[in-house]
Amino acid sequence: MEPIIQTEQLSHIYSANTPFEQTALDKVDFTAYRGEYLGIIGHTGSGKSTLIQHLNGLLKPTSGRVLFEGKDIWETKERIRQTRFQVGLVFQYPEYQLFEETVYKDIAFGPKNMGLDEKEIDRRVRQAAQFVDLADQVLEQSPFELSGGQKRRVAIAGVIAMEPAVLILDEPTAGLDPVGVESILRNIHDYHTAKNATILIVSHSMEEVARTVDRLVVVDNGKIPFSGPPREVFAHGEELERMGLGVPAMTRVFHRLRALGAEIDPSVYTVEQAKAAVLAVLERRGGGKGAV
Amino acid sequence: MALKDITLGQYFPGSTILHRLDPRTKILCTVAYIIALFLAKNLPGYLILLAVLCALTVVSKVGFGAVLRGMKPIFIIIVFTAVLNLFYTPGQGEPLLSFWVFRVYAEGIWAAVFMILRIAMLITCTFLLTYTTSPILLTDGLEKLLNPLKAVHVPVHELAMMMSIALRFIPTLIEETDKIMSAQKARGADFDTGGLMQKARALVPLLVPLFISAFRRADELAVAMECRCYHGGEGRTRMRVLKLGTADVLALAGGAVLCVLVVLLGRIF
């Protein structure tokens with residue numbers, strides 16, 4: 001697979017040379033591949049937000065490099081700006097950044113800044129609205145008349161309209177009801193499949209990300225202790241709990257079973273996998289008889 | 001963006017004697033110090049005031065670094081006033097330096113030096129007040145001090161409450177500004193380049209969300225306060241009742257002595 005974003009020995013220190021000095025990232029090597037659906041998990045203050053703000057050049061590394069498509073994003077001023085269009089970043093609670101009179105104009109803000117012509121902007125705004133299930137009549141409304149969930153959709157559409165090759169979302173489902181969570185995650189997935197875009201989803205909820213991502217990156221204390229497919233990461237159940245990250249309920253049950261002495265694979269995280277793991281144990285015990 | 005580095009009016013938690021003094025004492029002593037500063041006419045007066053200020057800074061454990069950093073935003077003003085004083089103070093005798101329309105006299109140099117000292121010390125002593133007093137205590141103290149004005153129908157309590165709320169939300173708003181700026185930059189907003197008009201227009205995507213969120217916060221806060229039965233200052237009791245102790249009396253006496261001393265020094269020399 002071809003890397004699209006990489007960091008090399010990336011460090012970031014806040015308020016350097018003051019009593020409030022704080023190392024947020026410590027020599028992090030991170031890679032995201034083209035077309036990948038990646039989950040970044042970490043506790044509050046682990047450095048995950050700092051990491052993603054480096055990926056589109058909002059924060060400047062204290063040391064180390066950030067590469068987009070193999071080239072340093074800090075090479076020239078123009079390159080930073082181009083990177084920001086290529087690497088779309090949706091902040092936490094993005095609905096607070098809406099400012100235009102109509103939803104249409106707000107979604108068009110990004111494409112307009114890219115210097116596209118009217119027709120292309122119109123196409124992108126309508127397509128972005130479609131990705132997040134916004135009806136056509138909503139486009140002419142003021143964003144401040146909408147419900148919280150709809151505002152969130154408008155804000156996400158505002159970034160999608162730039163058609164970034166990499167879409168980073170910081171806790172996109174925070175504060176939404178379960179139905180809202182499902183539909184936003186589905187919208188993001190639709191964008192991923194339609195444009196073969198790389199998606200980075202930041203979350204502190206394992207359960208939520210585990211179901212959708214190809215790969216998980218764990219950030220703890222400014223470092224990346226593990227990364228890999230969800231099953232591999234969840235095999236480190238105890239260490240994850242120590243970092244204050246709950247593993248999915250299913251994984252926790254199976255870790256407990258293993259602690260009780262059952263010969264069972266503890267890296268499961270969905271009901272299907274759990275069923276398969278239980279059946280595998282029963283098989284080994286002979287013909288499905290006997291309890292686990 | 002250097003927004004986060006602003007330390008103006010920020011409280012440094014601590015438990016030094018300066019932190020523990022009654023806020024009313026500290027406000028009055030700050031006022032006394034400022035009066036002394038304007039009464040000071042000559043070098044001995046300034047030296048004493050400077051020595052007192054240095055001693056207080058050491059006692060407060062705030063650190064000279066923090067004091068100097070706090071001075072950064074007003075650096076230009078200091079330089080500007082100093083330069084004006086340097087060139088526009090008329091003096092007797094020969095000018096030390098003269099070119100084109102400018103004449104620099106010895107008196108001008110002294111005036112500039114004193115002006116720098118005066119502004120820097122003025123800022124530092126008010127910084128010491130806000131560095132060592134939490135905003136809540138500060139407004140509590142102000143409210144108590146201004147209490148007599150209630151007799152002439154000044155809404156002292158309401159003003160104090162407004163002030164403490166405003167102080168409380170400064171850091172929140174700064175953080176919010178930072179966040180919205182980043183979010184708009186991520187959508188390609190450009191705050192740094194272009195002419196004046198372009199720069200002003202670039203602020204719209206920042207100011208609109210900021211105002212909206214400020215109003216939203218105000219609304220939420222008002223509801224939260226009403227839920228806790230807030231209805232103004234009438235009959236409101238305090239969790240922390242301010243009490244003047246021995247240290248406060250001594251500090252107040254010290255402030256008075258300082259004023260008198262400076263005046264006397266002005267007369268003698």
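This is a predicted model: local features need pLDDT of at least 70, side-chain atom pairs count only at pLDDT 80 or more; totals for chains, interfaces and linings use all residues.

User: Which way does β3(A) run relative to strand β8, residues 198-203 of chain A?
Analyst: β3(A) and β8(A) run parallel, with 5 bridges joining them. To find the pairing on your screen, look at A:Y37, which stands opposite A:I199 in β8(A).

User: And what about β9 of chain A, parallel or antiparallel to β3(A)?
Analyst: β9(A), residues 215-219, pairs with β3(A) in the parallel sense, over 5 bridges. Here you can look at A:G42, whose bridge partner in β9(A) is A:V219.

User: Switching topic: in what order do the strands of the open sheet with β2 and β1 in chain A come?
Analyst: That open sheet has 4 strands in the order β2-β1-β4-β5, and the pairing is antiparallel.

User: Which strands stand at the edges?
Analyst: Those are β2(A), residues 22-33, and β5(A), residues 71-72. Each has a single partner strand, so one side of each is left without a neighbour in the sheet.

User: How many bridges are there between β4(A) and β5(A)?
Analyst: β4(A), residues 63-68, pairs with β5(A) in the antiparallel sense over 2 bridges. A:L67 has A:D72 of β5(A) as its bridge partner.

User: Now chain B, please. What is its secondary structure?
Analyst: Chain B has 11 helices and 2 strands. Starting at the N terminus, the order is α-α-α-α-α-β-β-α-α-α-α-α-α.

User: What is the radius of gyration of chain B?
Analyst: Chain B has 23 Å, whereas a compact globule of 269 residues would be near 18 Å. Along the principal axes, its C-alpha atoms fill a box of roughly 70 × 60 × 40 Å.

User: How much of chain B is buried?
Analyst: 20% of its 269 residues count as buried. As for contacts in chain B between residues at least 6 apart in sequence, 77% of them join residues at least 24 apart.

User: Last one: how many residues of chain B are in contact with chain A?
Analyst: 15 residues of chain B are in contact with 19 residues of chain A. On the chain B side, α8 (156-186) and α10 (204-227) each supply at least two residues. The largest share, 7 residues, comes from α8(B).

User: What classes of residue are on that side?
Analyst: The side of chain B that touches chain A has 8 nonpolar, 4 polar and 3 charged residues.

Methods:
Residues are numbered from 1 along each chain as its sequence is written. Chains are lettered from A and ligands numbered from 1 in the order in which they are written. The radius of gyration is taken over C-alpha atoms; the globule rule is 2.2 Å times the number of residues to the power 0.38. A residue is buried if 20 or more other C-beta atoms lie within 10 Å of its own, exposed if 12 or fewer, and partly exposed in between; C-beta atoms are placed from the backbone. Two residues are in contact if their C-beta atoms, placed from the backbone, lie within 7 Å. Ala, Val, Leu, Ile, Met, Phe, Trp, Tyr, Cys and Pro count as nonpolar, Asp, Glu, Lys and Arg as charged, and the others, Gly among them, as polar. Two strands pair if DSSP finds at least two bridges between them.
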